[in-house]
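Thanks for coming. I will go through a few side chains and how they pair up, then stop.

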Amino acid sequence: QVIAPPSPPCSIANNSSTTTLGGVGGITYPTVSHTGGLNYSVYATNGSQTINFVFKNGEPKPGIYLVEAGYFPSESDRVSVYIQAGFYDFFMESYYTVYVNKVNGKLQFSFCSAPFSNPVGNTPVIISAKVTLP
């Protein structure tokens, strides 16, 4: 028996993010793409910011993935998430969850109220996002 992954516990507009800190997140992403290979990477960008989801060992199956802070996860059941904004990278903290679902045959990646590192100050950064591959 296959159990469908649960829907994320927050409602975010597709290809967008919310944030508690101006300058990182809180935008829409008109361009969404991915690259395959050893690391499967999903990129959502609007030109000034890019949110990255990186999985190990190819395209992820629908399910819930634990975050491993950094650029690349060490296990195939983990995901690394970071936002490039200007000269800075904001990393989602380890052990939060990313939801991967298939919606109308397309992979969708989302997370809710996740804390990110803040390389430019002490203000906490809490971001929610939802990105769907075209």
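Is Glu59 buried, partly exposed or exposed? Keep in mind that this is a predicted model. Glu59 has a relative accessible area of 43%, so it is partly exposed. Its partner is Lys102, and the two form a salt bridge in which the closest N and O atoms are 4.0 Å apart. This pair joins distant parts of the chain: Lys102 sits in strand 8, residues 97-103, and Glu59 in the loop between strand 4 and strand 5, with 43 residues from one to the other. Lys102 is partly exposed as well, because its relative accessible area is 48%.

The structure has two salt bridges by count. Glu68 and Arg78 also meet in one, at 3.9 Å from N to O. They are ten residues apart, Glu68 in the loop between strand 5 and strand 6 and Arg78 in strand 6. Here the accessibilities fall on either side of the 20% cut-off for buried. Glu68 has 16%, so it counts as buried, while Arg78 has 21% and therefore counts as partly exposed.

Next, the rings. How many aromatic pairs does a search of the whole structure find? It finds eight. One of them is Phe55 with Tyr65, edge-to-face, with 5.1 Å between centres and 80 degrees between planes. Phe55 belongs to strand 4 and Tyr65 to strand 5, residues 63-67, so to speak of sequence, ten residues apart. Both of these residues are buried. Another pair, Tyr82 with Phe91, is tilted, at 5.7 Å centre to centre and 35 degrees between planes. Tyr82 counts as buried because its relative accessibility is 10%. Ring pairs also tie Phe53, Phe55, Tyr65, Phe109, Phe111 and Phe116 into a cluster.

Is Gln49 buried or exposed? Its relative accessibility is 6%, so it is buried. What does the Gln49 side chain meet? One of its polar atoms lies 2.7 Å from the backbone nitrogen of Gly25. Beyond four places in sequence, Gln49 is in contact with residues including Gly23, Val24, Gly25, Ile27 and Tyr29, and also Ala44, Ile83, Gln84 and Ala85. For Gln84, which is 35 residues away along the chain, the C-alpha separation from Gln49 is 5.6 Å.

That is the end of my part.

Notes. Residues numbered from 1 in each chain as written. Predicted model: local features only at pLDDT ≥ 70, side-chain atom pairs only at ≥ 80, totals over all residues. Heavy atoms only, no water. Buried < 20%, exposed > 50% of the residue type's maximum accessible area, 1.4 Å probe, protein only. Contact = heavy atoms within 4.5 Å. Polar contact = N/O pair within 3.5 Å; in protein donor to acceptor, adjacent residues only side chain to side chain. Phe/Tyr/Trp six-rings, centres within 6.5 Å; stacked < 30°, edge-to-face > 60°. Helix = DSSP H or I, 4+ residues; strand = E, 2+ residues; numbered from the N terminus. Salt bridge = Lys/Arg side-chain N within 4 Å of Asp/Glu carboxyl O.
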